[in-house]
Amino acid sequence: MDVLAYCLAEPGAWEDEPWEGDTVAKVGDKVFAFLGAGTSIGLKCGRDRAEADELVTIYPDDVTTSAYIGRYGWNSIRVGGAVPDDELRELIDASYDAIVAKLPKSKRPQR
């Protein structure tokens with residue numbers, strides 16, 4: 001699955017490289033997916049750590065708490081691992097929706 005292409009297909013999504021070698025997908029001025037080197041993707045997987053930990057429990061070998069922002073519900077998910085592509089697409093959509101919901105109404109793209 002081409003996770004970058006899927007992310008960029010979201011309304012208003014755009015690619016950025018805020019740190020050399022680190023690609024992210026943004027909506028408005030906010031990141032909704034950290035793409036790293038293409039082997040993993042960082043996504044907002046819950047409102048808080050407890051919600052995001054549900055995914056870690058289900059896929060302990062392929063989902064880990066994201067460094068620094070994990071306490072806010074972000075996980076790192078191995079692409080091509082045990083998480084099925086359809087579930088990964090749902091997780092990308094949910095991360096996108098969570099970030100869009102935090103944007104000012106004037107900056108929210110229409111779905």
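**View 1. The largest pocket and its 14 lining residues.** In this predicted model, Phe 34, Gly 36, Gly 42, Ser 66 and Ser 76 lie nearest the centre of the largest pocket. A pocket is an open set of points on a 1 Å grid over the protein atoms alone, where a 1.4 Å probe fits, with protein on both sides within 12 Å along at least five of seven lines; lining residues have an atom within 4 Å of a point. The volume of the largest pocket is about 220 Å³, counted as the space filled by probe spheres set on the points, which are joined across faces, edges and corners. Strands β2 (22-27), β3 (30-36) and β4 (40-44) each supply at least two lining residues. Strands are DSSP runs of E, at least two residues, and helices are runs of H or I, at least four, numbered from the N terminus.

**View 2. The second largest pocket, with about 160 Å³ of space.** Its lining includes Lys 26, Asp 29, Phe 34 and Trp 74. β3 gives the most, with 3 residues. Both β3 and α3 (85-102) supply at least two.

View 3. The protein has 3 helices and 6 strands. Along the sequence they run α-β-β-β-β-α-β-β-α. The C-alpha trace spans about 40 × 25 × 25 Å along its principal axes.

**Notes.** Residues are numbered from 1 along each chain as its sequence is written. Local features need pLDDT of at least 70, side-chain atom pairs count only at pLDDT 80 or more, and totals for chains, interfaces and linings use all residues, while side-chain values use heavy atoms, without hydrogens and water.
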